[in-house]
Amino acid sequence: MSNKKEVFQKIFSSEKINRNDFDRACFQGVPDGCGIRSTCWKILLNYLPSTPADWNGVLEKQRNAYNQFILTMIVDPNAGHDSSDHPLSSSPTSIWSEFFKENEVLSQIDKDVRRLCPDLSFFQQPTKYPATFCSQSLRTRVEQANLQAMQVTKSKSGGSQLTKPRKKYNDDDAYQILPQGQEAHWEVCERILHIFALLNPGISYVQGMNEILGPIYYTFVTDGKEAEKHAEADAFFCFTGLMSEIKDNFIKILDNSQCGITHDMNELMAILKDNDEQLHDAITERGIKPQFFSFRWITLLLSQDFLYPEIQRLWDSFFADRDRFKFLLYFCCAMLIAQRTRLIRGDFIDNMKVLQRYPVETDIYQLLQLACQIREGKLRLQPVEVPETTPTSAGGGGNSGILGGLFSKTRNR
């Protein structure tokens with residue numbers, strides 16, 4: 001670990017970073033802590049230039065710009081505006097009209113960020129750096145909008161009356177309310193996504209973007225005091241940079257285009273066929289379509305299939321990939337091949353269980369090695385013998401793929 005740390009410190013101390021050497025070092029994994037990973041991701045996602053002498057100026061400018069976004073874009077329509085503008089105004093310039101339109105998207109963002117990585121308590125904990133200068137809490141705004149969603153019903157006397165719709169209890173209601181002036185980390189993510197949606201009306205917000213933002217924000221908050229202090233602004237710009245590259249996967253009308261998610265899923269299956277035709281045919285013959293599992297894998301960069309520390313290591317390689325996310329497809333192929341015995345011998349139900357909830361005992365370092373072998377064309381496989389009677393439970397559980405008993409690390413979900 002110390003050797004890796006020294007490698008990156010040497011890279012950062014140079015007048016201009018050699019991107020080939022830097023990308024190669026990141027691909028091999030960035031050391032945890034010390035602010036190194038957050039700095040690396042900022043460079044890999046084109047937030048910081050390759051000249052370290054310019055970093056302070058860029059960061060100050062961008063962080064100030066983000067604060068201005070908060071001040072100018074998150075506006076309370078009740079605060080200091082023209083009295084002639086009111087909630088029932090039909091004027092196209094009415095701030096209330098825009099306010100209500102924004103609430104539709106914000107309501108979806110609010111639902112998604114509240115359940116961001118539920119196995120990790122981090123997002124329910126308070127941030128040390130709340131945006132106290134923000135004129136309005138988005139959480140409060142959504143809650144007020146929900147309370148105001150009245151229904152018109154008939155009273156016993158025959159007149160009209162307003163009643164609140166019944167609301168079923170859910171886990172979101174159980175979240176602890178933080179004291180005035182504090183914000184949970186999920187509220188920070190909510191603000192980032194809300195501002196992104198306002199600045200990018202063409203794509204706005206699509207469900208799943210919260211899963212892309214989560215690991216970035218988490219990494220910055222947990223990567224040292226300096227990174228934590230500016231995590232919100234830095235995460236916003238890194239998320240924006242990442243979305244500029246993968247946004248096509250979130251645009252439905254592009255699904256079947258050359259740059260859409262369908263093309264990526266088909267390419268994954270082509271890679272699988274080139275490396276393991278027996279497994280490819282077994283999956284295809286069982287009617288398992290790639291969208292049943294790889295749609296989520298590719299669109300969310302596997303953020304729902306591994307724990308955050310593992311995601312951080314994977315994203316080191318994905319962001320540093322010289323072919324820009326082509327390695328993601330090789331890694332997804334490695335995930336399939338690693339479970340080849342179970343998948344070849346299993347039936348539809350067994351295989352779907354494996355693919356939709358990938359085995360927790362998988363060692364991602366073994367998968368990374370396997371993905372590199374696939375990329376370099378060095379993978380050699382032996383055919384899997386299939387019993388005449390296919391068992392109802394393929395392989396009897398555990399890892400029964402190509403990596404067999406080589407797994408050493410475990411994951412708990």
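Me: Why does Arg296 count as partly exposed?
Reply: Arg296 has 21% relative accessibility. Buried means under 20% relative accessible area, exposed over 50%, partly exposed in between (1.4 Å probe, protein chains only). So Arg296 counts as partly exposed. This is a predicted model, in which local features need pLDDT of at least 70 and side-chain atom pairs count only at pLDDT 80 or more, while totals for chains, interfaces and linings use all residues. Residues are numbered from 1 along each chain as its sequence is written, and side-chain values use heavy atoms, with hydrogens and water left out.

Me: What makes Arg296 and Asp305 a salt bridge?
Reply: Their closest N and O atoms are 2.4 Å apart. A salt bridge is a side-chain nitrogen of Lys or Arg within 4 Å of a carboxyl oxygen of Asp or Glu. The pair therefore qualifies.

Me: Why is Asp305 called buried?
Reply: Its relative accessible area is 2%, so Asp305 is buried.

Me: How many salt bridges does the whole structure hold?
Reply: A search finds 17. Asp32, Arg37 and Asp316 are linked in a network of salt bridges.

Me: Why are Asp21 and Arg24 about one helical turn apart?
Reply: They sit 3 residues apart in helix H2 (residues 19-27), which means a separation of about one helical turn. Helices are DSSP runs (H or I, at least four residues), numbered from the N terminus. Asp21 and Arg24 form a salt bridge, with 3.0 Å between the closest N and O atoms. Asp21, at 41% relative accessibility, counts as partly exposed. Arg24, at 49%, also counts as partly exposed.

Me: What makes Glu187 and Arg139 a salt bridge?
Reply: Their side chains meet at 3.1 Å, N to O. The pair links distant parts of the chain: Glu187 lies in helix H7 (residues 185-199) and Arg139 in helix H6 (residues 138-147), 48 residues apart. Both Glu187 and Arg139 are buried.

Me: How do you know that the span of helix H11 agrees with expectation?
Reply: The expected span is 1.5 Å times one less than the number of residues. For the 15 residues of H11 (residues 261-275), that gives 21 Å. The end C-alpha atoms are 21 Å apart, so the two agree.

Me: Which residues of H11 are buried?
Reply: They are Ile261, Asp264, Met265, Leu268, Met269, Ile271, Leu272 and Asn275.

Me: What covers the buried residues of H11?
Reply: The cover includes helix H12 (277-285), helix H13 (294-299), helix H15 (326-338) and helix H18 (364-376).

How values were computed:
Helix = DSSP H or I, 4+ residues; strand = E, 2+ residues; numbered from the N terminus. Contact = heavy atoms within 4.5 Å.
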